Amino acid sequence: MNILRTARQSFRRPIYQVIAGVCLSLLFLSVRHSLTPSHKPTTSRAMHIQSIPMWEGSGNNYAYLVVDDKTKDAVIIDPANPPEVLPVLKEKTSSGAINLKSIINTHHHHDHAGGNVEFLKTYPLPIIGGRDCSKVTKVPSHGETFTIGDSIKVKALHTPCHTQDSICYLFEDGDEKVVFTGDTLFIGGCGRFFEGTPEEMHKALNETLAALPDDTKVYPGHEYTKGNVKFGVKIMQSEPIKKLEAFADANKQTQGKFTIGDEKLHNVFMRLDDPVVQKATGKSNPIDVMGALREMKNKS
């Protein structure tokens with residue numbers, strides 16, 4: 001009955017009151033909409049990264065093709081095995097999908113820079129890398145920056161230890177940040193100290209690379225994660241290391257799946273102050289812990 005009574009009362013209202021009410025309602029909706037923040041989706045640029053596995057089952061290396069999506073300008077990182085890398089690049093350059101601009105090397109070892117001479121026969125391009133890299137034409141200084149296309153900013157980060165000419169490269173495109181670490185930082189591990197000291201690797205990992213934003217994705221030079229985490233769980237059985245172990249067991253490739261922030265949690269070489277790691281090594285000084293860990297890993 002109340003509903004019927006309300007309806008009858010509304011019909012008795014003069015028409016001008018009804019029209020005025022409608023107009024006020026429309027005005028209110030218009031003002032509220034104008035004050036409401038826009039929620040249109042925002043787009044952030046993202047460089048395109050293609051991993052090219054090399055020597056699977058033995059060296060388990062990666063070359064990386066990085067493309068600026070806007071200009072199609074591209075670089076190839078550590079194309080050490082031309083028979084596996086050149087077919088990929090020839091297909092993309094011949095179709096106009098990329099404009100290959102340079103070769104980048106992370107260090108001089110043959111399984112990273114050893115393809116340069118053969119590569120130059122097909123693509124006579126500048127080679128950016130460490131001072132000892134084959135046919136290198138540009139050695140960037142520590143902290144030096146350069147660009148790829150219109151969008152990608154690259155910063156060279158000197159990380160001597162595995163080799164004295166080791167360079168990691170931070171790539172930034174809008175909100176996207178990645179670092180190509182060669183044989184300095186692996187997922188869950190680090191490279192051997194062939195030409196350096198524990199102090200140098202400590203600086204490379206826990207000062208230079210640890211200073212990068214935590215959301216920086218890591219692209220190493222090899223797929224060594226299963227072996228690294230097998231060693232890591234012997235040192236400490238933390239939840240992050242167990243999660244990495246589960247991921248490595250379930251996935252063949254791990255490059256680009258973890259960040260600098262993740263490495264600080266599950267990489268024992270980046271946890272030198274952790275009491276559990278110190279107890280496992282019998283050392284407390286961070287540099288001594290780094291040296292002891294590396295010796296233990298070498299023997300594992």
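This is a predicted model: local features need pLDDT of at least 70, side-chain atom pairs count only at pLDDT 80 or more; totals for chains, interfaces and linings use all residues.
Stop 1: Select the five strands that form an open sheet, in the order β1-β2-β3-β4-β5, with mixed pairing. Look at the edges next: β1 (48-54) and β5 (127-128) each have a single partner strand, so one side of each has no neighbour in the sheet. Now zoom in on β1 and strand β2 (residues 61-67), which run antiparallel and are joined by 7 bridges.

**Stop 2: salt bridges.** The count comes to 9 salt bridges. Show the side chains of K70 and D150, which meet at 3.9 Å, N to O. K70 sits in the loop between β2 and β3 and D150 in the loop between β6 (145-148) and β7 (152-158), so the pair ties together parts 80 residues apart in sequence. Both K70 and D150 are exposed.

Move on to D214 and K264, another salt bridge, at 2.8 Å, N to O. Here D214 is in the loop between α6 (198-209) and β12 (217-220), while K264 is in helix α9 (residues 260-266), so this pair links parts 50 residues apart in sequence.

**Stop 3: a lysine without a partner.** Finish in helix α11 (residues 286-299) by selecting K297. Is K297 buried or exposed? K297 is buried and has no salt bridge; E223, the nearest side chain of opposite charge, is 12 Å away. Show what K297 touches, including G227, N228, F231 and F269.

Definitions and conventions
Residues are numbered from 1 along each chain as its sequence is written. Side-chain values use heavy atoms; hydrogens and water are left out. Two strands pair if DSSP finds at least two bridges between them. Helices (H or I, at least four residues) and strands (E, at least two) are DSSP runs, numbered from the N terminus. Buried means under 20% relative accessible area, exposed over 50%, partly exposed in between (1.4 Å probe, protein chains only). Lys and Arg count as positive and Asp and Glu as negative; His and the chain ends are not counted. A salt bridge is a side-chain nitrogen of Lys or Arg within 4 Å of a carboxyl oxygen of Asp or Glu. Contact means heavy atoms within 4.5 Å. Lists of a residue's contacts leave out its neighbours within four places in sequence.
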